[in-house]
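Please look at the sequence and the model first.

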Amino acid sequence: MTSNKRPQCDACGFLQSQCVCAWIPLLTSRLKVLVVQDRKEASHAKNTVTLLRLALPSVECIDSDDVSCLSHLDVNTWRLLFPSQGATPVESVTEDQKSQIEGVILLDATWRKAKKLLLSEPLLHGFKRLSFEQPPVGAYAIRKSPNDQALSTLEACAYCIEQLCAEDMQGLRDFMQQAQAWQWRRQPKQHQHL
(Lines give C-alpha, C1' and ligand atoms only; values in the text may rest on other atoms or scores of the structure.)
Protein backbone atom coordinates (compact mmCIF):
# COMPACT_ATOMS: atom_id res chain seq x y z
CA MET A 1 0.00 0.00 0.00
CA THR A 2 1.43 3.37 -0.98
CA SER A 3 1.08 6.51 1.07
CA ASN A 4 -0.77 9.51 -0.37
CA LYS A 5 1.21 11.82 1.88
CA ARG A 6 3.44 14.20 -0.04
CA PRO A 7 7.13 14.11 0.99
CA GLN A 8 8.32 16.76 3.43
CA CYS A 9 11.74 18.27 3.95
CA ASP A 10 13.24 16.89 7.16
CA ALA A 11 15.07 20.16 7.86
CA CYS A 12 12.43 22.88 7.41
CA GLY A 13 9.27 20.79 7.70
CA PHE A 14 7.68 22.14 4.52
CA LEU A 15 6.72 19.98 1.56
CA GLN A 16 9.77 19.21 -0.54
CA SER A 17 8.30 21.26 -3.38
CA GLN A 18 8.00 24.19 -0.94
CA CYS A 19 11.36 23.71 0.87
CA VAL A 20 12.90 26.99 2.05
CA CYS A 21 16.23 25.64 3.33
CA ALA A 22 18.23 27.50 0.68
CA TRP A 23 17.31 30.87 2.23
CA ILE A 24 17.32 30.23 6.00
CA PRO A 25 19.64 32.71 7.74
CA LEU A 26 21.20 31.73 11.04
CA LEU A 27 20.35 34.57 13.41
CA THR A 28 20.68 35.08 17.14
CA SER A 29 19.48 37.69 19.59
CA ARG A 30 20.03 38.46 23.24
CA LEU A 31 16.30 39.13 23.50
CA LYS A 32 14.13 36.15 24.39
CA VAL A 33 10.96 35.84 22.33
CA LEU A 34 7.86 33.89 23.31
CA VAL A 35 5.03 33.58 20.78
CA VAL A 36 1.55 32.78 22.06
CA GLN A 37 -0.05 31.27 18.98
CA ASP A 38 -3.68 30.61 18.18
CA ARG A 39 -4.16 26.96 17.22
CA LYS A 40 -5.77 27.83 13.88
CA GLU A 41 -2.91 30.17 13.10
CA ALA A 42 -0.39 27.41 13.78
CA SER A 43 -1.90 25.27 11.04
CA HIS A 44 -2.33 28.14 8.56
CA ALA A 45 -0.11 27.74 5.51
CA LYS A 46 0.58 31.49 5.40
CA ASN A 47 1.69 32.02 9.01
CA THR A 48 5.14 33.54 9.50
CA VAL A 49 6.02 32.01 12.88
CA THR A 50 7.25 28.84 11.17
CA LEU A 51 9.71 30.95 9.16
CA LEU A 52 10.62 32.99 12.25
CA ARG A 53 11.53 29.87 14.23
CA LEU A 54 13.64 28.47 11.38
CA ALA A 55 15.72 31.65 11.19
CA LEU A 56 15.78 32.41 14.93
CA PRO A 57 15.71 29.00 16.67
CA SER A 58 15.68 30.56 20.15
CA VAL A 59 12.06 31.71 19.62
CA GLU A 60 9.67 29.69 21.77
CA CYS A 61 6.08 29.10 20.76
CA ILE A 62 3.17 28.01 22.95
CA ASP A 63 -0.47 27.25 22.21
CA SER A 64 -2.86 30.05 23.20
CA ASP A 65 -4.93 27.45 25.07
CA ASP A 66 -2.00 26.65 27.34
CA VAL A 67 -0.58 29.92 28.64
CA SER A 68 0.14 28.65 32.16
CA CYS A 69 3.88 28.90 31.49
CA LEU A 70 3.52 32.69 31.45
CA SER A 71 3.23 32.55 35.24
CA HIS A 72 6.94 31.63 35.36
CA LEU A 73 8.00 34.81 33.54
CA ASP A 74 9.11 37.84 35.51
CA VAL A 75 6.65 40.67 34.80
CA ASN A 76 9.45 43.14 35.59
CA THR A 77 11.74 41.90 32.82
CA TRP A 78 9.27 40.71 30.16
CA ARG A 79 7.06 42.87 27.94
CA LEU A 80 3.95 42.18 25.88
CA LEU A 81 4.01 43.61 22.37
CA PHE A 82 0.49 44.81 21.67
CA PRO A 83 -0.86 48.22 20.61
CA SER A 84 -3.05 49.65 23.34
CA GLN A 85 -3.56 52.73 25.46
CA GLY A 86 -0.69 53.09 27.88
CA ALA A 87 1.70 50.97 25.82
CA THR A 88 5.24 52.35 25.57
CA PRO A 89 6.42 52.93 22.00
CA VAL A 90 9.38 50.62 21.44
CA GLU A 91 11.18 53.50 19.73
CA SER A 92 11.18 55.55 22.95
CA VAL A 93 12.46 52.90 25.38
CA THR A 94 15.59 54.29 27.07
CA GLU A 95 18.93 52.48 27.06
CA ASP A 96 18.57 51.78 30.77
CA GLN A 97 15.10 50.29 30.24
CA LYS A 98 16.35 48.21 27.30
CA SER A 99 19.00 46.62 29.46
CA GLN A 100 16.32 45.51 31.92
CA ILE A 101 14.12 43.80 29.30
CA GLU A 102 14.83 40.07 29.13
CA GLY A 103 12.16 39.10 26.65
CA VAL A 104 9.00 39.95 24.74
CA ILE A 105 5.71 38.13 24.26
CA LEU A 106 4.02 38.27 20.86
CA LEU A 107 0.45 37.18 20.12
CA ASP A 108 0.11 35.31 16.84
CA ALA A 109 -3.52 35.32 15.74
CA THR A 110 -5.91 37.38 13.70
CA TRP A 111 -6.26 40.87 15.19
CA ARG A 112 -9.73 40.00 16.50
CA LYS A 113 -8.56 36.79 18.15
CA ALA A 114 -5.43 38.42 19.58
CA LYS A 115 -7.54 41.13 21.22
CA LYS A 116 -9.94 38.53 22.58
CA LEU A 117 -7.02 36.53 23.99
CA LEU A 118 -5.59 39.63 25.61
CA LEU A 119 -8.90 40.53 27.24
CA SER A 120 -9.67 37.01 28.43
CA GLU A 121 -6.27 35.87 29.70
CA PRO A 122 -5.45 37.31 33.17
CA LEU A 123 -1.81 36.20 32.98
CA LEU A 124 -1.23 38.65 30.12
CA HIS A 125 -2.57 41.59 32.13
CA GLY A 126 0.47 41.72 34.42
CA PHE A 127 2.97 42.55 31.70
CA LYS A 128 3.82 46.10 30.67
CA ARG A 129 3.04 46.66 27.01
CA LEU A 130 5.09 47.83 24.09
CA SER A 131 3.78 49.21 20.81
CA PHE A 132 5.15 50.65 17.59
CA GLU A 133 5.04 54.37 16.89
CA GLN A 134 6.73 54.36 13.48
CA PRO A 135 6.95 50.78 12.22
CA PRO A 136 8.46 50.08 8.83
CA VAL A 137 6.09 49.34 5.97
CA GLY A 138 5.22 45.66 6.04
CA ALA A 139 6.17 43.45 3.11
CA TYR A 140 3.82 40.60 4.00
CA ALA A 141 1.54 40.68 0.99
CA ILE A 142 -0.08 37.25 0.95
CA ARG A 143 -2.65 37.91 3.68
CA LYS A 144 -5.00 40.77 4.43
CA SER A 145 -3.93 43.37 6.98
CA PRO A 146 -6.24 45.69 8.90
CA ASN A 147 -4.13 48.74 8.02
CA ASP A 148 -0.85 49.90 6.46
CA GLN A 149 0.97 49.73 9.79
CA ALA A 150 0.07 46.12 10.53
CA LEU A 151 3.04 43.78 10.43
CA SER A 152 3.26 40.02 10.33
CA THR A 153 4.47 38.35 13.52
CA LEU A 154 7.89 37.81 11.93
CA GLU A 155 8.18 41.47 10.91
CA ALA A 156 7.01 42.68 14.34
CA CYS A 157 9.58 40.46 16.01
CA ALA A 158 12.37 41.72 13.74
CA TYR A 159 11.53 45.38 14.37
CA CYS A 160 11.20 44.86 18.12
CA ILE A 161 14.62 43.19 18.33
CA GLU A 162 16.19 45.95 16.25
CA GLN A 163 14.75 48.66 18.49
CA LEU A 164 15.51 46.98 21.83
CA CYS A 165 18.86 45.34 21.05
CA ALA A 166 20.25 47.25 18.05
CA GLU A 167 20.71 43.86 16.31
CA ASP A 168 20.23 43.80 12.54
CA MET A 169 17.25 41.60 11.65
CA GLN A 170 16.95 42.49 7.97
CA GLY A 171 17.91 38.88 7.26
CA LEU A 172 14.58 37.81 8.79
CA ARG A 173 12.60 40.05 6.46
CA ASP A 174 14.64 38.98 3.44
CA PHE A 175 14.07 35.33 4.33
CA MET A 176 10.32 35.87 4.63
CA GLN A 177 10.14 37.52 1.22
CA GLN A 178 12.33 34.89 -0.48
CA ALA A 179 10.41 32.02 1.11
CA GLN A 180 7.03 33.45 0.22
CA ALA A 181 8.04 34.27 -3.35
CA TRP A 182 9.17 30.67 -3.74
CA GLN A 183 6.26 28.99 -1.95
CA TRP A 184 3.57 31.07 -3.66
CA ARG A 185 5.22 31.22 -7.08
CA ARG A 186 2.41 29.26 -8.73
CA GLN A 187 -0.43 31.17 -7.10
CA PRO A 188 -2.36 33.72 -9.16
CA LYS A 189 -1.61 37.36 -8.38
CA GLN A 190 -5.17 37.96 -7.18
CA HIS A 191 -4.43 35.71 -4.18
CA GLN A 192 -1.98 38.28 -2.91
CA HIS A 193 -3.25 41.23 -0.87
CA LEU A 194 -1.20 44.14 -2.17
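K98 is buried, at a relative accessible area of 14%. The model is a predicted one. K98 sits in helix α3, which covers residues 95-100. Leaving aside residues up to four places away in sequence, K98 touches R30, V93, Q163 and L164.

T28 lies in the segment before β1 (32-37). Is T28 buried or exposed? T28 counts as exposed, because its relative accessibility is 66% and the cut-off for exposed is over 50%. T28 still has contacts: L56, E167 and M169, not counting residues up to four places away in sequence. The C-alpha atoms of T28 and A55 are separated by 8.5 Å. Along the chain, T28 and A55 are 27 residues apart.

The table sets the two residues side by side.

| Residue | Relative accessibility | Class |
|---|---|---|
| K98 | 14% | buried |
| T28 | 66% | exposed |

Now the helix. Helix α7 spans residues 170-183 and has 14 residues. From first C-alpha to last, α7 reaches 20 Å, close to the 20 Å expected at 1.5 Å a residue. Which residues of α7 are buried? They are L172, R173, F175, M176, A179, Q180 and Q183. Seen down the axis of α7, these buried residues fall within an arc of 160°, so they line one face of the helix. An α-helix has 3.6 residues a turn, so residues three or four places apart point the same way. The buried residues of α7 pack against α2 (49-55) and α6 (153-165).

Terms used:
Residues are numbered from 1 along each chain as its sequence is written. This is a predicted model: local features need pLDDT of at least 70, side-chain atom pairs count only at pLDDT 80 or more; totals for chains, interfaces and linings use all residues. Side-chain values use heavy atoms; hydrogens and water are left out. Helices (H or I, at least four residues) and strands (E, at least two) are DSSP runs, numbered from the N terminus. Buried means under 20% relative accessible area, exposed over 50%, partly exposed in between (1.4 Å probe, protein chains only). Contact means heavy atoms within 4.5 Å. The expected span of a helix is 1.5 Å times one less than its number of residues. The arc is that of the directions from the helix axis to the C-beta atoms.
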